[in-house]
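Here's a quick briefing to read alongside the model. Have the viewer open and follow the residue names as you go.

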Amino acid sequence: MAQTLFDKIWDAHVVEKIPNGPSVLYIDKHFIHEVTSPQAFKGIEKRGLPLFRPKQTIATADHNVPTLNQHLPIKDQLSKMQVDQLIENCEKHGVELYGLGHPYQGIVHVIGPELGITQPGMTIVCGDSHTSTHGAFGTIAFGIGTSEVEMVFASQCVLQTKPKTMRINIEGNLPNGVVSKDIILYIIAKISASGATGYFVEYAGSTIRSLSMEARMTICNMSIEMGARGGMIAPDEITFNYIKGRIYAPKGADWDKQLANWKKLYSDQDAIFDAEININAAEIAPMITYGTNPGLGMAIDGNIPLTESITNEGEKKNLAQALTYMGLNSGAALLGMPVQHVFIGSCTNSRIEDLRLVAELVKGRKKHESVKVMIVPGSQQVAKQVHAEGLDRIFSEAGFQIRQAGCSACLGMNEDKIPAGEYCISTSNRNFEGRQGAGARTLLASPLTAAAAAITGVVTDVRELINHN
Amino acid sequence: MQALQQIKSSFVPLPIENVDTDQIIPARFLKATTRDGFGKNLFRDWRYEQDDETKPKPDFVLNQRIFSGEILVAGKNFGCGSSREHAAWALLDYGFKAVVSSFFADIFKNNALNNGVLPVIVSDDFLQQIFALSATDTISIDVAAQTITIDATGAQASFELNPYKKTCLLNGYDDIDFLISRKTSIEQFELEKV
């Protein structure tokens, strides 16, 4: 029978199906970080259990870490305690840790692919909802809670109910100034923040196939923002070329063997999905969000919907509450609105290609004097590459502040926060109330759109800057 | 995990859609290394002005004394966003045993069930019936029968619950005990896979 890519990988990892219940799903790789793992370590210790397969777990510190002066002790005592606890737990249980100061340290969803740990056909979990990022390599990758982290520690398995499958086909060439972040923001705006709940999504079509691995990761990363359990893309030559030669990539005869398996990972022609959506790439414009969930987004030159035009009472109330928080008016345009901060970073958009895109636009330009610009590479290796390519000079000359690897201002957990009431154009993934700091107002956009605002100090249609280049 | 069989309680209405886990428990409170004590920061930024416990926001439902109970009733897509299980811990620590909504985000639903907090999915119509009740009305939830009843009107709805998860809830079993019992078949799977 014709199978979807999802079915092929899922079936290959089911240890046992509980009658009328979930499946015991085997996990190939487990990433952990300092925030969602301590209680799981405590849990197995309380049960007197060892880690079942410690070599299949990889750790890093990212959420809590400062992004300046990482060589100094962490000032926030609670953050320090959590990071220290991770070091202690990893030592005690034999888990490889790429902690602060390690050349491989970085945001967990940046380092996994970058080190070649993430490979097609795998099942990957992490106590972090953006684990869906790894799906760009043709994996089943999804976020789990801490109880499930403990399950993986104890058994290398989780109990999961098989989700439904959805395919989103995107066909055609992307218009000028439109990048992969715009594709995913467009999809979420179209189907809402809960539009894919209960589904595992496969992104397909000529537009997706033309994208680089880093661009594909941005799309899969935000699958969770429409409620999807995860997102995936069938691996192809672009995928294989990306992996080849990386530190943990298979080598020699093992490479040939794995490659032959990876080439079987695609949805069969007649495979049936529970839902299917078709999108024409030509319709997509640079996107921006105006509300407090990622589904409240629009084309950058659009107008915020009129609350009175919404018939569903719940949605109407939701929008009104979001606009009150954001300090925005129903029906208004965002173009030309001043912003005080630009944040370029996060597991969505902190890879070298994202930073190259930004550098290309800002080269020879300066940031607007009223804007603070933070640029935060996703990993130590990305930071090293930024330096090697001389992008750091372009950013410094533009007046951008380059910081060290970590989750940074994406989630208001470490020192990097946006002050209450101020606007930030952010390349991250969530515009929830208080996400970037209590009272902070987040406008999600692509690295290009963020860079454009850094230059002008206002919400800007990047196509105008490109056309005048 | 604490067993959960029946709940009969008044409820706390939160008629807001897309309540994300950053609202349930903001990231700055995730620095603990234990599961305890998250309840005091539940809905922290909706509950207090300027992060100040001496300045409760009078309009927020947790600050309104007339509403109390073990059941939180919320708008659709409850628990979306971050996978932080701290959201389920915060609800449990505050005293909630069930959350009723017309739609839940997947990861939250799993996290809640893994902590003995029951997510009860009802129709939008039934949800509106609950929101229309007065603060003193009670709701009864029967896990074994998979029913939710508005005691004042007798209106009843059944809700979905995976039979395996139901057994776990009724008896306070957890998934880890189950998975450890499957160790031999997991080892066998590994041998065959390689």
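Is A:Lys80 buried, partly exposed or exposed? A:Lys80 is partly exposed, with a relative accessible area of 26%; on this scale buried means under 20% relative accessible area, exposed means over 50%, and partly exposed is in between (1.4 Å probe, protein chains only).

Some ground rules before the rest. This is a predicted model, so local features need pLDDT of at least 70 and side-chain atom pairs count only at pLDDT 80 or more, while totals for chains, interfaces and linings use all residues. Residues are numbered from 1 along each chain as its sequence is written, chains are lettered from A and ligands numbered from 1 in the order in which they are written, and side-chain values use heavy atoms, with hydrogens and water left out.

**Salt bridges within chain A**

- Over all chains, the count comes to 34 salt bridges, each being a side-chain nitrogen of Lys or Arg within 4 Å of a carboxyl oxygen of Asp or Glu.
- A:Lys80 pairs with A:Asp84, with the closest N and O atoms 2.9 Å apart. Both sit in helix α3 (residues 77-93) of chain A, four residues apart, or about one turn of the helix. Helices here are DSSP runs (H or I, at least four residues), as are strands (E, at least two), numbered from the N terminus.
- A:Asp84 is partly exposed, at a relative accessible area of 35%.
- A:Arg47 bridges to A:Glu150, with N and O 3.0 Å apart at their closest. A:Arg47 is in the loop between α2 (38-46) and β4 (57-60) of chain A and A:Glu150 is in helix α5 (residues 146-155) of chain A, so this pair ties together parts that are 103 residues apart in sequence.
- A:Arg430 and A:Glu225 form another salt bridge, with the closest N and O atoms 3.1 Å apart. That one links distant parts of the chain, with A:Arg430 in the loop between β18 and β19 of chain A and A:Glu225 in the loop between α8 (213-221) and β11 (230-232) of chain A, 205 residues apart. Both residues are buried.

**Where chains A and B meet**

- On the chain B side, 54 residues are in contact (heavy atoms within 4.5 Å) with 69 residues of chain A.
- The two chains bury about 4800 Å² between them, 56% of it on carbon and sulfur atoms. Buried area is the accessible area (1.4 Å probe) that two parts lose on being put together, summed over both.
- In chain B, B:Lys31, B:Thr33 and B:Ile176 lose the most area to chain A, together 15% of what that side buries.
- Nine salt bridges are counted between the chains. One of them joins B:Glu190 to A:Arg53 at 2.6 Å, N to O.
- α8(B) gives the most to the side of chain B that touches chain A, with seven residues.
- A salt-bridge network links A:Arg47, A:Glu150, B:Arg35, B:Glu85, B:Asp174 and B:Asp177.

**Nonpolar cores**

- The largest nonpolar core has 88 residues, and A:Ile32, A:Ile168, A:Ile187, A:Tyr203 and A:Met226 touch the most other members. Such a core is a set of buried Ala, Val, Leu, Ile, Met, Phe, Trp, Tyr and Cys residues joined through side-chain atoms within 4.5 Å.
- Helix α6 (residues 180-191) of chain A gives this core its largest share, seven residues.
- A second, separate core of 85 residues includes A:Tyr290, A:Ala359, A:Val459 and B:Ala112.

**A buried glutamine and a covered helix**

- A:Gln436 is in the loop between β18 (423-426) and β19 (441-444) of chain A and counts as buried, at 0% relative accessibility.
- The side chain of A:Gln436 reaches the backbone oxygen of A:Ala409 at 2.9 Å.
- Helix α15 (residues 447-456) of chain A is mostly covered, with nine of its ten residues buried.
- Among the elements covering the buried residues of α15(A) are α6, α12 (352-362) and α16 (462-467) of chain A.
- After α15(A) comes A:Gly457, whose phi is positive, near 80 degrees.

Conventions:
A polar contact is a pair of N or O atoms within 3.5 Å; within protein, one must be able to donate a hydrogen and the other to accept it, and residues adjacent in sequence count only if both atoms are side-chain atoms.
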